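Reader: I'm new to this. Can you walk me through the model?
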Amino acid sequence: MRLFASTVAVALCLSASLANAAGLRLIKVETDGAPPMQVAVWSPCAAPAGEVKLRTITLPGTTDCPIAGEKLPLIVVSHGYGGSFTGHHDTAETLADAGFVVVAVNHPVDTGAGDKTRADTLAVLTERPADIKRAIDYMLDTWPERARIDPGEIGFFGFSRGGYTGLVVAGADPDIRKATAFCTTGILLPSCAELQRGEIPTQPPVHDPRVRAMVVADPAFGPLFDRDALRDVKIPVQLWASELSGEDRITEINPGYVAAIDDELPVKADYHVIRNAGHFVFLAPCSADLAARLPRICTDPPGFDRVAFHKEWNADILAFFRKHLVEARQP
């Protein structure tokens with residue numbers, strides 16, 4: 001079973017409202033030779049909190065709020081399979097309220113908010129990291145408010161396939177041939193046919209040394225990374241795993257995969273296992289309406305409180321980025 005249907009992508013941000021709000025801008029990034037990429041930018045905002053109404057959803061925030069602050073750290077966010085920039089909006093809001101600029105992408109060929117034609121192909125394994133580099137290039141070189149960003153304080157947050165994406169951006173060289181491990185599960189994916197025909201992407205992995213710290217949750221495609229593949233991932237990593245993700249029957253995800261990545265990273269990660277939690281606990285808490293329509297991603301194990309978890313989790317993520325980006329740059 002895949003991570004979640006494309007309809008989830010446009011609904012993920014119908015979640016419980018937060019006390020604070022951040023500035024929010026929606027931008028289409030267009031680069032020669034690459035498909036257009038929709039991104040959302042959250043930023044520190046001094047104006048009163050409001051609501052931002054998108055096509056089918058409403059987010060806490062202030063549209064095009066004047067940005068507060070200078071030399072702000074930048075965090076880039078990568079969603080999971082078929083997701084969108086809304087899936088971790090509460091984390092983005094928390095970071096923006098604390099003085100970070102956050103840019104979350106819709107990966108052009110792997111988002112439920114647009115084109116998913118190649119979401120089940122091997123192309124996403126090389127194109128996703130390239131999307132992150134494009135987003136950083138845009139924010140530093142083209143974004144009208146680029147002078148407010150400190151180019152020496154760039155971090156990354158990724159969930160599921162977004163976690164895979166972050167590892168590659170940070171320097172990992174995945175062995176895509178090992179994706180055959182996912183073809184023995186009884187779930188025949190379109191990418192399996194590519195592997196059987198030997199149609200392995202030839203593009204080299206896209207790394208970006210501008211990323212100086214990284215948070216990843218339940219990274220997908222763990223078997224593609226061994227010690228040699230991860231040898232150049234030497235930035236600080238905060239790594240999160242859900243204890244019960246193996247019960248979610250998601251081909252690409254398994255808590256054992258995350259544990260193996262933790263063991264093989266050359267620099268010891270800040271590693272956390274969330275007990276009594278499934279894979280989807282890392283998505284923003286669901287509204288009552290979304291929970292009724294999409295119970296699979298919104299229903300957690302008995303006794304698990306996603307709202308309470310996210311308050312603590314977002315605080316931990318913020319503390320990690322402050323330590324390894326902001327404080328690390330102070331004399």
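Author: We'll take strands, then ring pairs. This is a predicted model: local features need pLDDT of at least 70, side-chain atom pairs count only at pLDDT 80 or more, and totals for chains, interfaces and linings use all residues. Residues are numbered from 1 along each chain as its sequence is written, and side-chain values use heavy atoms, leaving out hydrogens and water.

Reader: How many bridges join strand 10 to strand 11?
Author: Five bridges join strand 10 (residues 237–242) to strand 11 (residues 270–274), and the two run parallel. Strands pair if DSSP finds at least two bridges between them. Strands (E, at least two residues) and helices (H or I, at least four) are DSSP runs, numbered from the N terminus.

Reader: What stands opposite Leu239?
Author: Tyr271 in strand 11.

Reader: New topic. How many aromatic pairs does the structure hold?
Author: It holds 13. Rings of Phe, Tyr and Trp (its six-membered ring) pair if their centres lie within 6.5 Å; planes under 30 degrees apart are stacked, over 60 edge-to-face, the rest tilted.

Reader: Why is the pair of Trp240 and Trp313 edge-to-face?
Author: Their planes are at 85°, so the pair is edge-to-face; the centres are 6.1 Å apart. Trp240 sits in strand 10 and Trp313 in helix 8 (residues 306–329), 73 residues apart.

Reader: Are those two buried or exposed?
Author: Trp240 is buried, and Trp313 is too. Buried means under 20% relative accessible area, exposed over 50%, partly exposed in between (1.4 Å probe, protein chains only).

Reader: Which residues do ring pairs link into a cluster?
Author: Phe157, Phe159, Trp240, Phe282, Phe304, Phe309 and Trp313. Phe282 is buried at 0% relative accessibility.
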